[in-house]
Amino acid sequence: MLKDNHSDDDVKDLVSELEIMKMIGRHPNVISLLGCCSNEGPLYVIMEYAAHGNLRNFLHGHRFEENYEQRNQKYLASIKCIHRDLAARNILVADGYVMKIADFGLARDVQDHEYYRKMTAGKVPIRWMAPESLEHFFFDSWTDVWSFGVLLWEIMTLGRQPYLNVTSWEYLLQYLKQGNRLEKPAQCPDGVYAVMRGCWQLTPTQRPLFGEVVDHLKLCLDAMGTCFEILSQI
């Protein structure tokens with residue numbers, strides 16, 4: 001629900017998020033809309049409960065554990081929905097440690113168009129944004145892939161903030177255009193970091209599709225499983 005001192009824009013944003021969630025429907029890795037109340041009084045949006053909170057805080061609470069799992073789906077891209085804010089803070093951890101994408105305040109339905117261009121002022125998550133989003137406020141499935149690479153980096157660092165010393169979007173844009181990228185986390189397998197680097201290609205069409213990201217990560221997990229099996233037999 002909205003805070004007591006909400007503005008008209010806050011109401012519009014919540015209604016917009018509600019409409020996006022209605023359009024998205026149900027998927028095991030997307031937080032579900034259970035209902036809403038809008039006839040009289042305050043607007044309420046009712047969503048399913050995620051017992052373990054958001055992924056960023058969950059990772060912070062498990063920084064001394066070595067084993068954790070990351071699951072991936074490509075559902076939103078398949079229904080032409082761009083999220084625009086894929087980050088650990090917007091992934092909720094439900095019972096059974098199932099990861100669910102949430103917070104659709106910035107999401108856009110692009111059924112009729114393959115891209116969305118932001119034309120109004122407002123806060124945007126610059127550390128998770130692709131160069132074309134930073135420079136032209138342009139968003140599509142390729143920019144979500146870039147953000148997913150940053151999300152993977154968050155997972156492998158157990159919730160560290162990316163580009164910690166970045167102070168402005170202008171600086172970050174120049175930094176990325178010069179070929180700089182987030183460094184490989186200390187405990188990150190080479191294959192997983194290769195997926196991240198693929199997501200961070202400067203040319204959007206050189207980035208993998210979400211389906212390819214899933215396939216690459218499955219190969220990484222299979223390779224890690226084979227390695228652990230061999231080590232257990234030594």
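Tyr 171 and Tyr 175 sit four residues apart, about one turn, in helix α6 (residues 169–177); helices here are DSSP runs of H or I with at least four residues, strands are E runs of at least two, and both are numbered from the N terminus. The model is a predicted one, so local features need pLDDT of at least 70 and side-chain atom pairs count only at pLDDT 80 or more, while totals for chains, interfaces and linings use all residues. Residues are numbered from 1 along each chain as its sequence is written, and side-chain values use heavy atoms, with hydrogens and water left out.

Back to the rings: the structure holds four aromatic pairs. The centres of Tyr 171 and Tyr 175 are 6.1 Å apart with the planes at 25 degrees, so this pair is stacked. For the record, rings of Phe, Tyr and Trp (its six-membered ring) pair if their centres lie within 6.5 Å, with planes under 30 degrees apart called stacked, over 60 edge-to-face, and the rest tilted. Both tyrosines are partly exposed, Tyr 171 at 43% relative accessible area and Tyr 175 at 26%; the cut-offs are under 20% for buried, over 50% for exposed and in between for partly exposed (1.4 Å probe, protein chains only). Another pair, Tyr 193 with Trp 200, is edge-to-face, at 6.4 Å centre to centre and 75 degrees between the planes. Here both partners are buried: Tyr 193 comes out at 14% relative accessibility and Trp 200 at 1%.

Ring pairs also tie Tyr 163 to Tyr 171 and Tyr 175 in a cluster. Tyr 163 belongs to the loop between α5 and α6 and is buried, at 8% relative accessible area. Its phi is positive, about 50 degrees, although Tyr 163 is not a glycine. Phe 137 is another non-glycine with a positive phi, this one about 55 degrees. Phe 137 falls in the loop between α4 (131–136) and β8 (138–139) and is partly exposed at 33%.

Helix α5 (residues 141–156) has 16 residues, which at 1.5 Å a residue should span 22 Å; the end C-alpha atoms are 23 Å apart, so the two agree. The expected span is 1.5 Å times one less than the number of residues. Of those 16 residues, 14 are buried, so α5 is largely enclosed by the rest of the structure. Asp 140 caps the N-terminal end, with a side-chain oxygen 3.0 Å from the backbone nitrogen of Trp 142. After α5 comes Leu 158, with a positive phi near 55 degrees.

Strands β1 (residues 33–37) and β2 (residues 44–47) run antiparallel and are joined by four bridges; two strands pair if DSSP finds at least two bridges between them. Cys 37 has Tyr 44 of β2 as its bridge partner. Six residues lie between the strands of this hairpin, where Gly 41 takes a positive phi near 75 degrees. In the loop between α1 (8–24) and β1 there is His 27, which is buried at 16%. A polar side-chain atom of His 27 lies 3.0 Å from the backbone nitrogen of Asn 29.

Overall, the protein has eight helices and eight strands, and buried residues make up 43% of its 234 residues. Among contacts (heavy atoms within 4.5 Å) between residues at least 6 apart in sequence, 66% join residues at least 24 apart.

Notes: A polar contact is a pair of N or O atoms within 3.5 Å; within protein, one must be able to donate a hydrogen and the other to accept it, and residues adjacent in sequence count only if both atoms are side-chain atoms.
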